[in-house]
Number of protein chains: 2
Amino acid sequence: MIQTTFYTPVQDDLAEVDIIMRRQANDYHPDLQKALDIILSSGGKRIRAAITLLVGKMFDSEKDEIHLLASAIEMLHTATLVHDDLIDGSLLRRGNPTLNAQWSPGATVLTGDFLFARAARLAADTNSVRVMKIFAETLGIIVNGEISQLFSRRCMADRENYEKRIYSKTASLFETTCRSAAILGKTNEPQIEAMRKFGYNIGMAFQIVDDILDFRGEQLTLGKPVGSDLRQGLITLPAIYYLEKYSRDPNAEYLLSEGCLENEKQTVELIQAISQSDAIQLSHKEALSYTDKALMILNDQPSSEAQECLEEITHYIVDREF
Amino acid sequence: MIQTTFYTPVQDDLAEVDIIMRRQANDYHPDLQKALDIILSSGGKRIRAAITLLVGKMFDSEKDEIHLLASAIEMLHTATLVHDDLIDGSLLRRGNPTLNAQWSPGATVLTGDFLFARAARLAADTNSVRVMKIFAETLGIIVNGEISQLFSRRCMADRENYEKRIYSKTASLFETTCRSAAILGKTNEPQIEAMRKFGYNIGMAFQIVDDILDFRGEQLTLGKPVGSDLRQGLITLPAIYYLEKYSRDPNAEYLLSEGCLENEKQTVELIQAISQSDAIQLSHKEALSYTDKALMILNDQPSSEAQECLEEITHYIVDREF
């Protein structure tokens with residue numbers, strides 16, 4: 001977990017969420033318990049859980065219900081990562097071996113399914129039909145995004161497509177996190193809608209910054225090679241800016257005309273060019289435009305410790321490593 | 001669908017369920033719509049949907065809610081089949097090519113996930129928190145059963161293990177089908193519990209008969225080779241009975257001492273021996289003991305057209321091809 005002050009007010013709640021998640025494989029096959037332990041110990045920041053808990057605090061929701069929701073959200077997120085890593089053939093996540101690096105594909109598919117099942121059960125345990133519906137809908141959106149990515153042309157430099165993609169992949173769950181936490185609180189429809197938008201905006205910023213870090217990070221920090229998106233034919237915002245602005249760079253030209261890169265040398269050169277260009281700053285500016293909206297929404301809410309922490313998290317999301 | 005009289009009272013409802021299921025991929029990626037069409041057109045009998053609708057009729061449940069539940073149950077069942085076929089590498093189901101025979105493993109994993117998501121959404125649309133909880137719990141049980149099977153020793157001739165396995169694999173969903181349909185009806189706890197038990201018993205019988213048919217069917221009818229379970233090292237009830245009774249058959253002896261079969265000749269011989277032995281009748285008798293209990297439960301309910309159809313379905317389940 002991140003050692004920052006904005007986790008402090010929910011430290012005990014996060015510990016409770018961890019307990020709830022770990023007990024989800026009790027009474028099931030011992031290897032599922034083992035898999036769950038491996039996955040939950042692999043160093044996730046639990047930022048979605050922390051946000052759930054803080055929004056819950058803002059709107060004075062019941063402790064038990066909000067703990068269940070935070071667990072459900074993290075569990076759903078974890079389940080999607082398990083299947084993603086399998087499909088991408090990723091062997092490392094956050095520097096740790098992925099489940100599919102250790103288990104057979106069949107066992108990995110089923111473990112992901114099990115985590116979906118337990119996430120759905122946790123969401124149902126909040127006793128809110130509305131939360132359940134949003135939750136199931138969000139899983140559909142995330143999976144639909146993955147499928148679109150799988151079936152879409154590689155190396156597509158398309159801004160609209162990019163926005164849709166990062167919404168499905170990341171912002172939809174942040175949106176659901178904040179919206180559902182507000183639904184469980186003592187609140188009203190305009191506030192629920194405000195929190196949905198808050199979640200959407202921090203989610204969009206979160207993924208843009210992740211995409212920037214993919215060009216800048218060290219392999220050790222990211223747990224994956226630099227420029228891994230471009231290597232997989234995935235054109236993220238920094239690449240979109242670069243291709244728009246430097247279309248006469250021979251490597252950019254090649255990518256745009258051929259729809260792919262020819263060899264490792266070209267790939268490395270283009271990754272380096274993007275990472276050293278102003279495409280990084282332009283992308284970061286776009287992330288900031290999302291977090292600015294998120295901060296404005298927070299400012300309309302009555303001041304509280306939880307609200308201040310959410311402000312700090314918003315700054316953290318956009319300023320990670322900058 | 002089966003052309004039998006016991007579907008008649010719910011024919012229109014089944015058509016409605018089909019419409020609901022097919023529209024689940026509207027507004028999603030066109031390939032998901034295509035996958036859903038392939039899957040839904042591949043000739044499933046929709047027996048779980050029919051049972052849901054009939055139990056719904058017995059207890060006078062709301063049409064819209066019971067249609068949603070029936071769709072959710074069929075969708076969940078379909079989702080588990082998609083992942084099962086992928087894991088087993090099955091290329092045919094009901095004589096039709098499976099999704100994984102046509103699509104990449106990644107696309108197949110995600111399509112299964114999408115069906116889970118839509119099933120969960122349909123279950124939530126019943127607006128019953130209790131149904132949602134049972135539904136999510138059942139998915140956990142089914143997946144746990146699959147994982148246990150994947151991790152368990154091959155060729156384990158163990159009756160207790162067999163019962164657990166067929167409960168997870170099949171009876172748990174029949175149980176949930178009948179229980180949830182009763183919950184949505186105008187009914188009381190003892191009746192809900194009676195319907196849960198009814199579902200459990202027909203589910204256990206259903207899987208035993210499936211396991212018998214695996215030894216007797218023609219490849220064309222089953223859409224898979226005869227004795228496919230034993231070929232995969234899965235010891236089902238007919239094999240358990242045979243091994244108990246004819247442990248001095250050299251092939252049985254070999255299997256029991258070595259925990260596997262040595263070659264194709266041995267496998268074919270053993271499959272043939274089991275299929276021609278009284279192990280088939282003994283297994284069928286066991287299936288009948290489950291359906292007898294199911295019929296007793298039905299007899300305690302007030303007489304109605306739906307109740308009579310459920311009786312017929314119970315007979316159909318145990319007498320298929322006998």
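## Helix packing in chain B

In this predicted model, the crossing of α4(B) and α7(B) is right-handed. Helix α4 of chain B spans residues 63–88 and helix α7 of chain B residues 129–151; the two pack at an angle of about 20°, and their axes lie 12 Å apart. Because angles under 35 degrees count as roughly parallel, α4(B) is roughly parallel to α7(B).

From α4(B), the residues L69(B), A72(B), L76(B), T80(B) and D84(B) meet V131(B), F135(B), L139(B), I142(B) and E146(B) of α7(B). Sorted by class, this contact of α4(B) with α7(B) comprises seven nonpolar, one polar and two charged residues.

## Relation of the two chains

The same surface serves both copies, since 100% of the contact residues of chain A recur in chain B.

## Interface between chains A and B

The contact draws 36 residues from chain A and 36 residues from chain B. On the side of chain A that touches chain B, at least two residues each come from α2 (30–40), α4 (63–88), α6 (105–124) and α7 (129–151) of chain A. The helix that gives the most to this side is α7(A), with 14 residues. By class, the side of chain A that touches chain B has 21 nonpolar, seven polar and eight charged residues.

Key:
Residues are numbered from 1 along each chain as its sequence is written. Chains are lettered from A and ligands numbered from 1 in the order in which they are written. This is a predicted model: local features need pLDDT of at least 70, side-chain atom pairs count only at pLDDT 80 or more; totals for chains, interfaces and linings use all residues. Axes are lines fitted to C-alpha atoms, for helices over the stretch in contact, and angles run from 0 to 180 degrees between N-to-C directions. Helices (H or I, at least four residues) and strands (E, at least two) are DSSP runs, numbered from the N terminus. Angles under 35 degrees count as roughly parallel, over 145 as roughly antiparallel, 65 to 115 as roughly perpendicular and the rest as oblique. A crossing is left-handed if the near helix is turned anticlockwise from the far one by less than a right angle, and right-handed if clockwise. Two residues are in contact if their C-beta atoms, placed from the backbone, lie within 7 Å. Ala, Val, Leu, Ile, Met, Phe, Trp, Tyr, Cys and Pro count as nonpolar, Asp, Glu, Lys and Arg as charged, and the others, Gly among them, as polar.
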